Amino acid sequence: MGNVVAIVGRPNVGKSTLFNRLIGSRQAIVNDEAGTTRDRQYGKVEWAGREFSVIDTGGWVVQSDDVFEEEINKQVKIAVEEADVILFVVDVMNGATSLDDEVAHILRCSGKPVILAANKADTYDRHAAAAEFYSLGLGDPYCLSAVNGSGTGEVLDRVVELL
Ligand code: GDP
Ligand code: MG
């Protein structure tokens, strides 16, 4: 039984927004490693009587997909090494991309428990758009909105089940 959850996904899907919502008013701990800025952030979450750590692994400022190709491996490597459960965030407004496929592939191979979080499902009509993420081969997507908080309780319930 571990207690570390890592948030992964391509840029702009809402990882940091979700991280901030999950940790609430608590302070994030920023880990600055040599040569990197804001490499990753750690926070604490309490849910259903459990306390666990959450890591936002996507702190890099990334300008292009090429750079992200390198960074994605680093990000997912950190997640697979450090986390007990991985929260893979995708974006229902943008839909599935080849980078999502790439991350999904690495995560499937890792053997770690993965929760597929279809973010930006702010309204119910956007929930239908999440169906396309079944193709990532990671099971049922959990629809949520990091901005308005809907669906985050179901995701946290699932996290606690898997920890
Ligand atoms: P990251 O690069 O994955 O960490 O993404 P951010 O958390 O920085 O969010 C990228 C953009 O998406 C920001 O403009 C957020 O306000 C927006 N965003 C994040 N979550 C949601 C959401 O649930 N709904 C909507 N509509 N926008 C969101
Ligand atoms: Mg971020």
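Good morning, everyone. Some ground rules to begin. Residues are numbered from 1 along each chain as its sequence is written, while chains are lettered from A and ligands numbered from 1 in the order in which they are written. This is a predicted model, so to speak of local features we need pLDDT of at least 70, side-chain atom pairs count only at pLDDT 80 or more, and totals for chains, interfaces and linings use all residues.

How confident is the predictor? pLDDT is its confidence in each residue, from 0 to 100. The chain has a mean pLDDT of 87, and 86% of its residues reach 70 or more. The model scores are ipTM 0.99 and pTM 0.91.

Now the layout. The chain has 4 helices and 7 strands. Helices (H or I, at least four residues) and strands (E, at least two) are DSSP runs, numbered from the N terminus. Along the sequence they come in the pattern β-α-β-β-β-α-β-α-β-β-α.

Next, burial. A residue is buried if 20 or more other C-beta atoms lie within 10 Å of its own, exposed if 12 or fewer, and partly exposed in between, with C-beta atoms placed from the backbone. Of the 163 residues in the chain, 37% are buried.

And contacts. Two residues are in contact if their C-beta atoms, placed from the backbone, lie within 7 Å. Take contacts between residues at least 6 apart in sequence: 68% of them join residues at least 24 apart.

Let's go to the strands. Two strands pair if DSSP finds at least two bridges between them. Start with β1, residues 4-8. In β1, 4 of the 5 residues are buried. β1 has a parallel pairing with β4, residues 50-56, over 4 bridges. There, Ile7 faces Asp56 of β4. β1 also runs parallel to β5, residues 85-91, and 4 bridges join them. Val5 has Val85 of β5 as its bridge partner, and Val8 sits opposite Phe88 of β5.

So why is β5 largely enclosed by the rest of the structure? Because 7 of its 7 residues are buried. In a regular strand the side chains alternate between the two faces of the sheet. Look at β5: Val85, Leu87, Val89 and Asp91 point one way, Ile86, Phe88 and Val90 point the other way, and all are buried.

Which strand, residues 114-119, pairs with β5 in the parallel sense over 6 bridges? That is β6. Phe88 stands opposite Leu116 in β6. Val90 stands opposite Ala118 in β6. For β6, the burial count is 6 of 6 residues. One side of β6 carries Val114, Leu116 and Ala118, the other carries Ile115, Ala117 and Asn119, and all of these are buried.

On to the core. A nonpolar core is a set of buried Ala, Val, Leu, Ile, Met, Phe, Trp, Tyr and Cys residues joined through C-beta atoms within 7 Å. The largest one has 43 residues, and among those touching the most other members are Phe88, Leu116 and Ala118. β5 gives this core its largest share, 6 residues. Ala118, leaving aside neighbours within four places in sequence, has contacts that include Val90, Phe133 and Leu144.

Ala104 lies in helix α3, residues 98-110. Is Ala104 buried or exposed? Buried, because 20 other C-beta atoms lie within 10 Å. Beyond its neighbours within four places in sequence, Ala104 contacts Leu136, Gly137 and Leu138.

Ala129 sits in the loop between β6 and β7, 142-143. Ala129 is partly exposed, because 19 other C-beta atoms lie within 10 Å. From Ala129 to Thr57 is 26 Å, C-alpha to C-alpha, and 72 residues in sequence.

Last, ligand 1. A residue is near a molecule or strand if its C-beta atom, placed from the backbone, lies within 6 Å of it. There are 15 residues around ligand 1, and Gly14, Lys15, Ser16, Thr17 and Val147 come nearest. Helix α1, residues 15-23, gives the most to this shell, with 3 residues. The shell has 4 nonpolar, 8 polar and 3 charged residues. Here Ala, Val, Leu, Ile, Met, Phe, Trp, Tyr, Cys and Pro count as nonpolar, Asp, Glu, Lys and Arg as charged, and the others, Gly among them, as polar.

Thank you.

How values were computed. pLDDT is the predictor's confidence in each residue, from 0 to 100.
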